[in-house]
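Trainee: I would like to learn how to read sheets, helix packing and backbone details in a model such as this one. Could we go through them one at a time?

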Amino acid sequence: MGNTFGRLFRVTTFGESHGGGIGVVIDGCPPNIDISDAEIQRELDRRRPGQSKLTTQRKEEDRCEILSGVFEGKTLGTPIAILVRNKDARPKDYLEIARKFRPSHADFTYEAKYGIRNWQGGGRASARETIGRVAAGAVAKKILPAFYSEFEIVAYVAQIHEIIAKINRSTVKMRDVEQNAIRCPDAAAAKKMASLIEQIRGEGDSVGGVIECVARGVPPGLGEPVFDKLEADLAKAMLSLPATKGFEIGSGFTATRMRGSEHNDPFEMRGGKIRTATNNSGGVQGGISNGEEIYFRVAFKPTATIAHEQKTVTTSREQTKLAARGRHDPCVLPRAVPIVEAMAAIVLCDHALRQKAIGLRGRWK
Ligand SMILES: Cc1cc2nc3c(=O)[nH]c(=O)nc-3n(C[C@H](O)[C@H](O)[C@H](O)COP(=O)(O)O)c2cc1C
């Protein structure tokens, strides 16, 4: 089964798009961490549908209920269960999809694997599943600064289709990201992206792009060679998100066009600490954080469900056509930003707990 993620900070999500609700059970959260409903809700509101005219118009409040594990605003160290009930379900919108497989969605593969699927709203393959991840990420985001006082994580839209933003990765803040509905801190690029998405929606089509994420204030030492290297776990976390197609850390694929003399990050002493002069490594060497910014990029494909008529096949194997109806994101990226941040926080929190467990914390602070 693949519904649980993490070793010491263990996150299990449950629920389908049109069932009773969606949620998460978080096990391994340390006790006495301050956390409020409002802090979890704030993150869920960033992911929620219907935030702007650029996203799906499904109207979900996504109100979270903390069922266990938190008492008087503090974690108890016991499993934290968080539930969000589904409200604005419209199963009728999906009747056609019950019979016809949407090209490049999960309809065919779920049917091939399980022999049964909840076709309403995409069932478990719906991005509503990520509500549980965002709630768990909100908890992880409270634990990490309790361990590392300078910890900070920021994700943002770096590219939509062929529009590439100019962003200073080392200075960008969450408030810069939240200044527009695209979640792109380059205001001029964001404007162009917004009009492209509007145009594409009007044409019944969709577009993808790139989200970049940076984590600052992570000390050296996080990551468990060899199979749970930090970048390996980040890659798994990101590629487990719906609609992702690629992951690169640091220089990523551009490293293939560089020489060692250009690509190496020379060590130097700065402020009494061992630092690197450049950061092509993306803050990870040998699968272990080196104390520099950890940054990576995630590629998202254009949304699968589009109003364009496309060739497909029915559950009874007849060739047919499908022009999808219903409420869909013409571009998933603005809503995916808090989800990328949440998964990164979950990975870092898990590795922070694992590093504490081996007891060498802080040697190279
Ligand atoms: C925030 C977000 C919103 C999404 N919204 C939609 C949507 O409205 N319609 C759709 O077809 N896919 C949407 N997706 C993507 C599908 O869930 C995903 O493409 C599908 O499960 C198939 O999985 P795969 O693309 O990873 O292969 C969304 C993904 C994210 C991250």
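Trainee: Over how many bridges do β10 and strand β16 pair, and is the sense parallel or antiparallel?

Mentor: Before the answer, note that this is a predicted model, in which local features need pLDDT of at least 70, side-chain atom pairs count only at pLDDT 80 or more, and totals for chains, interfaces and linings use all residues. Residues are numbered from 1 along each chain as its sequence is written, and side-chain values use heavy atoms, with hydrogens and water left out. In general, the strands of a sheet pair through backbone hydrogen bonds, in a parallel or an antiparallel sense. Strands are DSSP runs of E with at least two residues and helices are runs of H or I with at least four, both numbered from the N terminus, while two strands pair if DSSP finds at least two bridges between them. Here β10 (209-216) and β16 (residues 294-300) pair in the antiparallel sense over seven bridges, and Val 210 has Ala 299 in β16 as its bridge partner.

Trainee: In what order do the strands of that open sheet stand, and which are at its edges?

Mentor: The order of the five strands is β9-β8-β10-β16-β11, with antiparallel pairing. Because β9 (163-164) and β11 (244-249) each have a single partner strand, one side of each is left without a neighbour in the sheet. Helix α6 (residues 187-202) packs on this sheet and touches β8 (152-160) and β9, where contact means heavy atoms within 4.5 Å. The direction of α6 makes about 55 degrees with that of β8, angles being taken from 0 to 180 degrees between N-to-C directions, with axes fitted to C-alpha atoms and, for helices, over the stretch in contact. Helix α7, for its part, lies across β11 and β16 and runs at about 160 degrees to β11.

Trainee: Which helix do the residues of α7 meet, and how close do the two axes come?

Mentor: Two packed helices are described by the angle between their axes and the distance between the axes. For α7 (residues 230-239) and α9 (residues 333-358), the axes come within 9 Å and cross at roughly 145 degrees. On the α7 side, Leu 230, Asp 233, Leu 234, Ala 237 and Met 238 take part, and among the α9 residues that they meet are Val 340, Met 343, Val 347 and Arg 354.

Trainee: What is the strand order in the open sheet that contains β3 and β7?

Mentor: That sheet has five strands in the order β1-β2-β3-β7-β4, paired antiparallel, with β1 (4-5) and β4 (64-68) as edge strands that each pair on one side only. Within this sheet, β3 (residues 21-27) and β7 (residues 80-85) pair over six bridges, and Ile 22 has Val 84 in β7 as its bridge partner. Helix α4 (residues 130-147) lies across β2 (10-15), β3 and β7, running at about 35 degrees to β3.

Trainee: Which strands form a hairpin, and which residue in the turn has a positive phi?

Mentor: The hairpin is made by β17 and β18, with five residues between them, and Arg 317 in the turn has a positive phi of about 70 degrees. Four bridges join β17 (residues 310-313) to β18 (residues 319-322) in an antiparallel arrangement, and Gln 310 has Leu 322 as its bridge partner.

Trainee: Where are Asp 62 and Val 226 found?

Mentor: Asp 62 lies in the loop between α1 (37-47) and β4, and has a positive phi of about 50 degrees although it is not a glycine.
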